[in-house]
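Okay, thanks for coming, everyone.

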Amino acid sequence: MQHTSVHAVEHLLYFTLLQLIVIVGAARLFGALARRIGQPRAVGEIFAGLLLGPSLFASLAPQAFAYVFRSTDSVTVSIISQLGLILLMLHVGMEFEFGVMKERASRRATAFVAVAGIVAPFALGIAIGYVSAPVLAPGIAPVGYVLFCGVALSITALPVLGRIMLEFDLTRTRLGTITISAAAANDVAGWILLATISAAVTGGLTLAGVATRLAALGAFALLAFLVLRPLAHRLLDRATTRAEPLNGNALALVLILAFACAIATYQLGIFAVFGGFLVGVLLHDRTAFVAAWRERVAPLVNTLLLPVFFTFTGLRTNVHGLASAELWAWCAGFIALAYLGKYGGCYLGARLAGVERNEARAMAIMMNTRGLMELVVLNVGYDLGVIP
């Protein structure tokens, strides 16, 4: 029995290591090519995933693809990618200069961009959902399908945006801080909206349930800033010295806080990566600690864990599902409205808040990052039976 168990673990380890070798190698290659043409590494890594997945590799060499990626369950690699996301968002939160949010103009811009950036694409998502329902979702209750289309078009991929901003050194700028704050607020609203719509579809929606969720989120935010923040700073002061701002005890403490808050945000109904982001925000003003993290921890996260996530996203995508010109046309329509809704809403919101044109345009472009969040929305909709 013990021999069998050990063999099973070794078998799983073998294929996990094989997948990591292929994924990390392809991600580095295509990430470097993307940077060479002025694009973020994330673009190259997602493209690498598309090439390694059902869209190309499985078509050209089905037996080799099945051996590498289908010999074991993909849960292990998926968990590795999620750990990378939490650590990425921890780093993103630490890198931004949130002191600019003390300015009234910055808070106003953040609020306007966040609200407009979810309202406009949600409206367009409802519109294309209503038009496409008879064609793409026949036999499915149109209300649920339409609402899920609205949510899917509304959410910004916060991890993708954070990764791009780190690459292009936008984290210490007013523009970057406003945009990442707006994206975070946008996504929290999107997840609340998703939970509300899911409850409505399953018949479990109550006003008391929505109010309880909102109250719990508010209480957690207050607890984090009023209790957890001073406690974390006090513990880090005891664990570190000026000469050694990041030692084993400090690293363990921050990882425990990040993972605990990731569990908390998951339990509260929003994505686990927000827990990592929140801890990063709480520690963003520890300059020496952040610099040490950037130098000693970030390279491992960026080289191993993050490429796994971005490539794994592409691996789960099969463009052969678009088997007709009509489906390609619908795909183009969804992409166009998603982009226009997010860009138009965020640009208008920024301009109404007094942001000058070039910065408003940059905010609108950055808020258009997409990825994991949309996939989660679609999976929820699929599991509930409102998306075919």
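Let me start with a question: which residues on the other side of α11 are exposed? They are Gly-248, Asn-249, Ile-256, Ile-263, Tyr-266 and Gln-267. Exposed here is over 50% relative accessible area, buried is under 20%, and partly exposed is in between, with a 1.4 Å probe and protein chains only.

Quick housekeeping. This is a predicted model, where local features need pLDDT of at least 70, side-chain atom pairs count only at pLDDT 80 or more, and totals for chains, interfaces and linings use all residues. Residues are numbered from 1 along each chain as its sequence is written, and side-chain values use heavy atoms, with hydrogens and water left out. As for helices, they're DSSP runs of H or I with at least four residues, strands are E runs of at least two, and numbering goes from the N terminus.

Back to α11, residues 248-267. This helix has 20 residues and reaches 29 Å from its first C-alpha to its last, close to the 28 Å expected at 1.5 Å a residue; the expected span is 1.5 Å times one less than the number of residues. Its buried residues are Ala-250, Leu-253, Val-254, Leu-257, Ala-258, Cys-261, Ala-262 and Thr-265. They sit on the same side of α11 because they cover an arc of only 165 degrees around the axis, taking the directions from the helix axis to the C-beta atoms. And what do they pack against? That would be α5 (75-95), α10 (207-239), α12 (273-282) and α13 (287-296).

Both ends of α11 have a detail to look at. At the start, a side-chain oxygen of Asn-247 comes to within 3.2 Å of the backbone nitrogen of Asn-249. After the helix comes Gly-269, with a positive phi near 95 degrees.

Now the core. A nonpolar core means buried Ala, Val, Leu, Ile, Met, Phe, Trp, Tyr and Cys residues joined through side-chain atoms within 4.5 Å. The largest one has 102 residues, and Ile-180 and Trp-293 have the most contacts inside it. Helix α9 (residues 174-202) gives the largest share of this core, ten residues. Take Ile-180: among the residues it touches are Val-92, Phe-96, Leu-158 and Phe-277, leaving out anything up to four places away in sequence. Contact, by the way, is heavy atoms within 4.5 Å.

Next, Thr-110, over in helix α6 (residues 104-136). Thr-110 is buried, at 8% relative accessible area. Beyond its neighbours within four places in sequence, Thr-110 contacts Met-101, Ile-178, Ser-181 and Ala-182.

Last stop, the rings. There are twelve aromatic pairs in the structure. Rings of Phe, Tyr and Trp (its six-membered ring) pair if their centres lie within 6.5 Å; planes under 30 degrees apart are stacked, over 60 edge-to-face, and the rest tilted. Phe-57 and Phe-69 are edge-to-face, 6.5 Å centre to centre with 85 degrees between the planes. Phe-57 is in α3 (residues 57-60) and Phe-69 in α4 (residues 62-69), so the pair ties together parts twelve residues apart in sequence. Phe-69 also pairs with Phe-65, this time tilted, at 5.5 Å and 45 degrees.

Definitions and conventions
Polar contact = N/O pair within 3.5 Å; in protein donor to acceptor, adjacent residues only side chain to side chain.
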